[in-house]
Amino acid sequence: MIGRLNHVAIAVARLADAAAVYRHALGAQVSEPVAQPEHGVTVAFVTLPNTKIELLEPLGEASPIAAFLARNPSGGMHHVCYEVEDILAARDRLKAAGARVLGDGEPRIGAHGKPVLFLNPKDFCGTLVEIEQA
Ligand code: CO
């Protein structure tokens, strides 16, 4: 069911520092940061030939990545995002398989303007999984 790896997201305390690491040490192209107050994060994308890295910095008091960064002060891998053709069909199949969808179970518009859902990491080998309609 899942298709391409759309991105791997890394949570960081300081986006400017993380962007500098990817630009200078790793020689990658990094987008300008974009604030997404509705998601509680500021995001920059690292473009790789076969996928993207999403750098996430907390934005606001109730950022969903604040607790993660409290546990991982130097940052860390936060989630992986897989593409699916039909997000509602994917959700229904996952729920039928016993997976727990986070939030109210309805897709939200994610960082790329496409519908996304997040899945409980306890059901996926300890990894937070985002699915995005391709
Ligand atoms: Co993501």
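Me: Leaving aside neighbours within four places in sequence, what is Glu-132 in contact with?
Reply: Beyond those neighbours, Glu-132 is in contact with Asn-6, Cys-81, Tyr-82, Glu-83, Val-84, Ile-87, His-112, Lys-114, Pro-115 and Val-116. Contact means heavy atoms within 4.5 Å.

Me: What sort of model is this, and how are residues numbered?
Reply: It is a predicted model, with residues numbered from 1 along each chain as its sequence is written. Local features need pLDDT of at least 70 and side-chain atom pairs count only at pLDDT 80 or more, while totals for chains, interfaces and linings use all residues; side-chain values use heavy atoms, without hydrogens and water.

Me: Back to Glu-132. Is it buried or exposed?
Reply: Glu-132 counts as buried because its relative accessibility is 2%. Buried means under 20% relative accessible area, exposed over 50%, and partly exposed in between (1.4 Å probe, protein chains only).

Me: And where is Glu-132 placed?
Reply: In strand 9, which covers residues 129-133. Strands (E, at least two residues) and helices (H or I, at least four) are DSSP runs numbered from the N terminus.

Me: How far are the C-alpha atoms of Glu-132 and His-112 from each other?
Reply: They are separated by 9.1 Å, with the two residues 20 apart along the chain.

Me: Which strand does strand 9 join?
Reply: Strand 6, through 5 bridges, and the two run parallel. Tyr-82 has Ile-131 of strand 9 as its bridge partner. Strands pair if DSSP finds at least two bridges between them.

Me: What about strand 1 and strand 6, parallel or antiparallel?
Reply: Antiparallel: 6 bridges join strand 1 (residues 5-11) to strand 6.

Me: Different strand now. How many residues of strand 4 are buried?
Reply: 6 of the 7 residues in strand 4 (residues 41-47) are buried, so to speak mostly covered.

Me: How does strand 4 pair with strand 5?
Reply: Over 7 bridges, in the antiparallel sense, with strand 5 at residues 52-58. Thr-42 stands opposite Glu-57 in strand 5. The two strands form a hairpin with 4 residues between them.

Me: And strand 3 with strand 4? What is in the turn?
Reply: Strand 3 (residues 34-36) is antiparallel to strand 4 over 3 bridges, with Ala-35 opposite Thr-42. This too is a hairpin with 4 residues between the strands, and Gly-40 in the turn has a positive phi of about 70 degrees.

Me: Where does strand 2 come in?
Reply: Strand 2 (residues 29-30) pairs with strand 4 over 2 bridges, in the antiparallel sense. Val-30 stands opposite Val-46 there.

Me: Zooming out, how many helices and strands are there, and in what pattern?
Reply: The chain has 3 helices and 9 strands, following β-α-β-β-β-β-α-β-α-β-β-β along the sequence. Its radius of gyration (over C-alpha atoms) is 15 Å, close to the 14 Å from the globule rule for 134 residues, so the chain is as compact as a globular protein of that length. That rule is 2.2 Å times the number of residues to the power 0.38.

Me: What share of the chain is buried?
Reply: Buried residues make up 42% of the 134.
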